[in-house]
Amino acid sequence: MVSDLLHHLDTHKSMGPDEIHSRVLSKLVEVLTKPLSIIYQQSCLTGEVPVDWKLANVTPIYKKGWKEDLGNYRSVSLISVLGKVTKQIILSVITWHIQDNQVIRPSQHGFMKGRCCLTNLISFYDKVTRLVDEGKVVDVVYLDFSKAFDTVSHSILPEKLAAHGLDRCTLHRVKNWLDGWAQRVVVNGVKSSWWPVTSGVP
């Protein structure tokens with residue numbers, strides 16, 4: 001798994017606070033796979049994650065409009081590439097559990113492999129046209145949860161995962177992964193002080 005994740009790194013992405021570029025890691029896959037696998041396995045056993053993997057540089061990216069308006073910028077969080085690999089491993093474990101135990105309904109399309117906005121739209125269109133053909137009235141309500149992922153509480157998330165039957169060992173790993181995150185703002189090379197992160201999906 002580690003080898004596969006390192007082989008598929010996006011070498012065009014920026015590096016995190018540890019300043020280890022994904023291009024370097026992708027070139028050294030054969031050398032790094034075994035030691036990193038040992039580190040990740042030990043991390044899974046103990047629940048500990050290197051502190052450097054929990055740090056993020058937040059950089060504002062200009063979108064459009066008046067440059068002096070802060071609302072016209074999108075914040076991008078840059079974490080360590082090795083931290084991203086850790087995140088992918090934890091995500092895989094949780095995804096396997098969710099799929100094996102059918103926690104997510106078939107109607108869920110967002111953030112599901114092989115599904116997207118288009119598959120959601122096709123499914124929705126099929127259901128609506130079937131109801132209209134049967135002579136039934138269809139009402140549609142759209143909800144947009146603003147910054148939904150930014151407001152996920154790190155203290156509540158493990159409880160929600162436990163409620164869906166995630167095993168104690170994995171929950172311990174998730175909790176330790178979420179604890180101790182910190183971020184700073186970096187603009188034109190100038191860095192702010194570190195600030196703890198208590199919400200949001202890393």
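User: Which residues line the largest cavity?

Analyst: Its lining is made up of Tyr40, Ser43, Cys44, Gly47, Val49, Thr86, Ile89, Ile90, Arg173 and Trp177, where a cavity is a set of points on a 1 Å grid over the protein atoms alone at which a 1.4 Å probe fits but cannot get out, and a lining residue has an atom within 4 Å of a point. This is a predicted model, in which local features need pLDDT of at least 70 and side-chain atom pairs pLDDT 80 or more, while totals for chains, interfaces and linings use all residues. Residues are numbered from 1 along each chain as its sequence is written, and side-chain values use heavy atoms, without hydrogens or water.

User: What volume does that cavity have, and which elements supply at least two residues of its lining?

Analyst: The volume of the largest cavity is about 100 Å³, counted as the space filled by probe spheres set on grid points that are joined across faces, edges and corners. At least two lining residues come from each of α3 (29–46), α4 (81–100) and α7 (168–178); helices (H or I, at least four residues) and strands (E, at least two) are DSSP runs numbered from the N terminus.

User: How does its lining divide by residue type?

Analyst: The lining of the largest cavity has six nonpolar residues, three polar and one charged, with Ala, Val, Leu, Ile, Met, Phe, Trp, Tyr, Cys and Pro taken as nonpolar, Asp, Glu, Lys and Arg as charged, and the others, Gly among them, as polar.

User: Back to Tyr40, which ring does it pair with?

Analyst: The structure holds two aromatic pairs. In one of them, the ring centres of Tyr40 and Trp53 are 5.4 Å apart and their planes stand at 40 degrees, so this pair is tilted; rings of Phe, Tyr and Trp (its six-membered ring) pair with centres within 6.5 Å, and planes under 30 degrees apart count as stacked, over 60 as edge-to-face and the rest as tilted. Because Tyr40 belongs to helix α3 and Trp53 to the loop between α3 and β1, the pair ties together parts 13 residues apart in sequence.

User: Are those two buried or exposed?

Analyst: Tyr40 and Trp53 are both buried, that is, under 20% relative accessible area, against over 50% for exposed and partly exposed in between (1.4 Å probe, protein chains only).

User: And which residues of α7 are buried?

Analyst: In α7 the buried residues are Thr170, Leu171, Arg173, Val174, Asn176, Trp177 and Leu178, and they pack against α3, α4 and α6 (157–163), with contact meaning heavy atoms within 4.5 Å. After α7 comes Gly180, whose phi is positive, near 85 degrees.

User: Which residues other than glycine have a positive phi?

Analyst: Among them is Glu19, with a phi of about 60 degrees, which is found in the loop between α1 (2–7) and α2 (22–27) and counts as exposed at 56% relative accessibility. Another is Asn188, with phi near 50 degrees, in the loop between β3 and β4 (190–191), where Asn188 is exposed with a relative accessible area of 78%.

User: New topic: how many helices and strands are in the chain, and how many residues?

Analyst: The protein chain has seven helices and five strands, which run α-α-α-β-β-α-α-α-α-β-β-β from the N terminus on. Of its 202 residues, 25% count as buried, and its C-alpha atoms fill a box of roughly 60 × 50 × 35 Å along the principal axes.

Key. 1 Å grid on protein atoms, 1.4 Å probe; cavity = no way out; pocket = protein on both sides within 12 Å on 5 of 7 lines; lining within 4 Å.
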